[in-house]
Amino acid sequence: MTDLRPDRLLYEGKAKQVYAADSADEIVIHYKDDATAFNGVKKAQIADKGVINCKLSAFFMEKMAAAGVPTAFLKQVGPRDQLCRKVEIIPVELVVRNVVAGSLAKRLGRPEGEKLARPLLEHFYKSDELNDPQINEDGAILMGYAKAWELAAMREYALTVNDALRAFWDSLGVELVDFKLEFGRYHGQVVLADEITPDGSRLWERATGRKLDKDVFRRDLGDLSETYRELYSRVFGEALR
Ligand SMILES: Nc1ncnc2c1ncn2[C@@H]1O[C@H](COP(=O)(O)OP(=O)(O)OP(=O)(O)O)[C@@H](O)[C@H]1O
Ligand SMILES: [Mg+2]
């Protein structure tokens, strides 16, 4: 197994560390327990979040590959570690929305919980300094952040991911409100990268409307560690440890 020596650390993000792997074409992504909100303004350690998100993301990435979406994920190599293809991240994040919430509600003054007639795709320029501003496809092409064909592939994959994820959560009595995806370039192909976790998704318990995602932390609604443990049990049919 690849060891995570400090001299192999390539990048430290807010929720994960990225390490060089034995092959130059691959990396190891290490999931930390750190939670942040509002672009790092609010921070906390959430017990077991790294372990839970690592396993959930691995599970969902395998599901997406089975649904026909190429992904960077290769395999889980430790409780918090994944071996992934090393991609060039496309600096355009995609948000898929099924229900109005969060920044969309704020921006357009719509009530949270309003159902959308079809999935809404929103693009954001990935820039911590600028706070990930929204951008449209035309802008992303003009500024050189992505090619038109890449954005088209991202759109198609994002909608496939939405269909598959939505059906899965639905079967567990959970509504997939929205989620964020990152894509990368790998040998001339666009692939789904980064993570699919409750950090970057909104998940509402259908029967009660209770939030089962990072909004619990953002909005001080309860214990995020407990919430994530509950999600883990629902998905894997057994409690963590
Ligand atoms: N397969 C991959 N190959 C290369 N880089 C990746 C891959 N998957 C994810 N990344 C990048 O690794 C980093 C993961 O760290 P983390 O998610 O903690 O970052 P972050 O704090 O959210 O910041 P940011 O995403 O803005 O860099 C991100 O920059 C992400 O874009
Ligand atoms: Mg991230």
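This is a predicted model: local features need pLDDT of at least 70, side-chain atom pairs count only at pLDDT 80 or more; totals for chains, interfaces and linings use all residues.
Taken alone, ligand 1 exposes 600 Å², of which the protein buries 87%.

The shell around the ligand comprises 17 residues, and Y11, K14, K16, K126 and E182 come nearest. By class, 8 of the shell residues are nonpolar, 1 is polar and 8 are charged. Domain 1 (6-85) and domain 2 (88-223) each provide at least three residues of this shell, while strands β2 (16-20) and β3 (26-31) each supply at least two.

Two of the nearest residues, E182 and K126, are also paired with each other through a salt bridge with an N to O distance of 3.4 Å. Because E182 belongs to strand β12 (residues 174-186) and K126 to the loop between β10 (115-125) and β11 (134-135), the pair ties together parts that are 56 residues apart in sequence. E182 is buried at 5% relative accessible area, whereas K126 is partly exposed at 34%.

The whole structure holds 36 salt bridges. Another of them joins D215 and R219 at 3.6 Å, N to O; D215 is buried at 1% relative accessibility and R219 partly exposed at 33%. Salt bridges with shared partners link D215 and R219 into one network with R97, R107, E112, E122, D178, R202 and R218.

Key
Residues are numbered from 1 along each chain as its sequence is written. Chains are lettered from A and ligands numbered from 1 in the order in which they are written. Side-chain values use heavy atoms; hydrogens and water are left out. A residue is near a molecule or strand if one of its heavy atoms lies within 4 Å of it. Accessible areas come from the Shrake-Rupley method with a 1.4 Å probe; for residues, only the protein chains shown count as cover. Helices (H or I, at least four residues) and strands (E, at least two) are DSSP runs, numbered from the N terminus. Ala, Val, Leu, Ile, Met, Phe, Trp, Tyr, Cys and Pro count as nonpolar, Asp, Glu, Lys and Arg as charged, and the others, Gly among them, as polar. Domain bounds come from an automatic or database domain assignment. A salt bridge is a side-chain nitrogen of Lys or Arg within 4 Å of a carboxyl oxygen of Asp or Glu. Buried means under 20% relative accessible area, exposed over 50%, partly exposed in between (1.4 Å probe, protein chains only).
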